[in-house]
Number of protein chains: 2
Amino acid sequence: MKNAEIIAVGSELLLGQIVNTNARFISQQLAELGINVYFHTVVGDNPDRLLSAIKTAETRANVIIFTGGLGPTKDDLTKETIARHLGKNLVTDQKALESIEQYFARTNRVMTENNRKQAWVLEGSQILPNDHGMAPGMVLESNGNTYMLLPGPPKEMEPMFRQYGYPALASKDAFQEKIVSRVLRFFGIGEAALETEIIDLIDAQSNPTIAPLAGDGEVTLRLTAKHVDEGIAQSMLDEVEKAISQRVGQFIYGYDNTSLLSELTKVLKERKLTITAAESLTGGLFQKEMTSIGGASSVFKGGIVCYSNEVKHNVLQVKQETLEKDGAVSEQCALELAENAAALLGADIGVSFTGVAGPNELEGKPVGTVYIGVALKGRPTVVEKLTLGGTREAIRNRAVKYGCYYALRNLKESQNA
Amino acid sequence: MKNAEIIAVGSELLLGQIVNTNARFISQQLAELGINVYFHTVVGDNPDRLLSAIKTAETRANVIIFTGGLGPTKDDLTKETIARHLGKNLVTDQKALESIEQYFARTNRVMTENNRKQAWVLEGSQILPNDHGMAPGMVLESNGNTYMLLPGPPKEMEPMFRQYGYPALASKDAFQEKIVSRVLRFFGIGEAALETEIIDLIDAQSNPTIAPLAGDGEVTLRLTAKHVDEGIAQSMLDEVEKAISQRVGQFIYGYDNTSLLSELTKVLKERKLTITAAESLTGGLFQKEMTSIGGASSVFKGGIVCYSNEVKHNVLQVKQETLEKDGAVSEQCALELAENAAALLGADIGVSFTGVAGPNELEGKPVGTVYIGVALKGRPTVVEKLTLGGTREAIRNRAVKYGCYYALRNLKESQNA
């Protein structure tokens, strides 16, 4: 059985300037791989203390995963310390060096000498390419232990681990039993309500397991099956999913890493429709999300951020009477915003967001009051009122998710009509 | 000198279900107290492994701070393990027991027997009352070491540490030296280039220390000084900062936890100016960021996301000739977008973003080509061309940071003019 220890290297962690989210992320991934994690360690940018941490880890783990300390500066000592400890050389990886040189050439910046250090790798190691930064990761087998070195910034480390680190560990033959998991994504039902509906299934199952997880205004169920035959593990998941769907299938909108927004984009592309938005409280968040994936331009041409009444009236032609009588946070305003945005931008569907993100109430309406309008060509415009809880950020995020959800629902209804 | 190790106890941390924010919080507090932290350890709810972690910590620290494992269930073993290790008895603390009984009476719940366990404390320890939960914390001196036990939930631990744990440590006369730190924030210079400029300063310094850290397209330098007199420590920082400023001061935009966007918002508020944006490749990200903090409405009224040529022309009046001759990704288009957005939205300053976020090139221009326009009332409009590297997300994030940077620079120049 493999036991892992995760060693995060960086004085900024010991000073409390950043939190060790890397240990959490890697722990989750190792759990999926069926590798036990018994210890996390954090150590500063100090070679002696790092060496002592490595020696301690070797007494209690056979998979040791390092994050941090692979960068260009003198502080970055992880590779050097491990090389010395294991008696390995550091050699320049040509592919990594080229990719660093290309990065500098592309950005018209002069590459200083210390950047070459980022291309040094432990001799005999398998390289984990860095698709989001410069320093490559690596995996080395030595004395019966597996050493994996990953960069510190989560934006580099997480995709590197998913893409290259996870398969590298999974391929080691000690992990015979395949672990297969599937995430069901729910919207429109809370975590506690969902659990109540299926508590007997959760309690009765140990393989597959059913694990609810809430976050970001959505609820997911992670189904995980173990079996030496991956096909059998998959059909075990199919069976559990069927039982869950019979009870709460109407709230499932997708699987694994999809999002409401990807689902919406997919439907719009299929039906060759375009969308626009008029955003007040969300301040551009819906449109930013819409354009966060390449290729959105076939369904999204642009939209308006109408953070003030002037812009609602002058740019989006919301009637002065509406703003004065009903207010900006109102059903009528949401309706005009959605319809007028669709007309102004020449889109098939207009979504509007107006409400109170906080911290203060607005027009006498409490924080969390949100109106979302959906104007779809050929159908009556609908406006939904929500009362959302949480921080300003949470309210804005959830409003955008609801906007996608209502738009999706309208598109489906229009197809069924 | 006192050196601390923080041991967080809880299998949920090793499974990646929660992140160890306690270690971060306590580290920050210990830095203020002038206590060095050289290691963080996370261990599960397992008495043997916890014992081994305690023994390891005793070889390298003389202040050992535990979080977690003080609760009522069978999993909670921190007190029991430490008591056995140090040869101490566990005794019921009457005040803690009364407060637990009162808690159950107040909430009309029946107190189960295992809750009494929460009132057990290490004999001879100083109690740290729990004002936000049931299990008290404690501090014990033994064999020249200080052992502090704190509950796991941050909502209980943080106020307990602030109110009782911090003063208990501060009162120990060994902690005389204060640690003071300051973060300088840079923009427009890479980590390696910055280090090259000041490498002799970094090498020459041990107090204060100078530590570079890169992330999110920005670079920071953390200056940390130790002295018994906090005022002297601060002036040591001033002196190092001055030396750094003489070389690379033009790239410093702020201190500690600020951001380019907060600095921009601050300047706009001071000068009572309003801003708007026309966003193509950034798709609303600038405006979303602008409105992410409450109270932006005095400087930001709204703006346009112009993801297509139709919207650039129809809504923002970019000339058809510009789009046909120069293209949407051009200096001329960025100029018209910035000026026309300011005019359409009635703002004092208009910022435009047009470029190629990827994954594919556009109009024959490579991924990462970005034009940013800044139209400030009473000054000639400026357009900057950038070549950014990285993913789509990184390009968009960095473009927004550059937009803030150029807007800030224009505002400063207009004041100096």
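Some ground rules. Residues are numbered from 1 along each chain as its sequence is written, and chains are lettered from A and ligands numbered from 1 in the order in which they are written. Because the model is predicted, local features need pLDDT of at least 70 and side-chain atom pairs count only at pLDDT 80 or more, while totals for chains, interfaces and linings use all residues; side-chain values use heavy atoms, with hydrogens and water left out.

Start with chain A. It has 14 helices and 17 strands. Those are DSSP runs, numbered from the N terminus: helices are H or I with at least four residues, strands are E with at least two. The C-alpha trace of chain A spans about 80 × 60 × 40 Å along its principal axes. Of its 417 residues, 54% are buried. Buried means under 20% relative accessible area, exposed means over 50%, and partly exposed is in between, with a 1.4 Å probe and protein chains only. Now contacts, meaning heavy atoms within 4.5 Å. Take the contacts in chain A between residues at least 6 apart in sequence: 65% of them join residues at least 24 apart.

Next, the cores. A nonpolar core is a set of buried Ala, Val, Leu, Ile, Met, Phe, Trp, Tyr and Cys residues, joined through side-chain atoms within 4.5 Å. The largest one has 39 residues. Which residues have the most contacts inside it? They are B:L264, B:L268, B:I275 and B:F286. In chain B, the elements giving two or more residues to this core are α9 (260-270), β13 (275-279), α10 (285-290), β15 (349-355), β16 (369-376) and α14 (392-416). The largest share, 10 residues, comes from α14(B). Look at B:I275. Not counting residues up to four places away in sequence, B:I275 touches B:L264, B:L268 and B:F286, and also, among others, B:M290, B:V299 and B:V351.

A second, separate core has 38 residues, including A:L260, A:A296, A:Y406 and A:L411. Is A:A296 buried or exposed? Buried, because its relative accessibility is 3%. Leaving aside neighbours within four places in sequence, A:A296 is in contact with A:M290, A:T291 and B:Y307.

On to aromatics. Rings of Phe, Tyr and Trp (its six-membered ring) pair if their centres lie within 6.5 Å; planes under 30 degrees apart count as stacked, over 60 as edge-to-face, and the rest as tilted. How many aromatic pairs are there over all chains? The count is 17. Take A:F187 and A:Y402: their ring centres are 4.7 Å apart and their planes are at 70 degrees, so this pair is edge-to-face. A:F187 sits in the loop between β9 (178-186) and α7 (191-204) of chain A, and A:Y402 in helix α14, 215 residues apart. Both are buried, A:F187 at 2% and A:Y402 at 15% relative accessible area. In chain B, B:F187 and B:Y405 make a tilted pair, 5.0 Å centre to centre with 55 degrees between the planes. This pair links parts 218 residues apart. Back in chain A, one aromatic cluster is formed by A:F187, A:Y402, A:Y405 and A:Y406.

Charges meet rings too. A charge sits over a ring if NZ of Lys or CZ of Arg is within 6 Å of the ring centre and within 35 degrees of the ring normal. B:R49 lies over the face of A:Y38, 3.5 Å from the ring centre. B:R60 has its charged end over the ring of B:F39, 3.7 Å from its centre.

Last, backbone details. The peptide bond from A:G358 to A:P359 is cis, with omega near 10 degrees. A:P359 is in the loop between β15 (349-355) and β16 (369-376) of chain A. In chain B, the bond from B:G358 to B:P359 is cis, with omega near 10 degrees. A:Q317 has a positive phi, near 60 degrees, and is not glycine. A:Q317 is exposed, with a relative accessible area of 51%. A:E363 has phi near 50 degrees, also positive in a residue other than glycine. A:E363 counts as partly exposed, at 38% relative accessibility.
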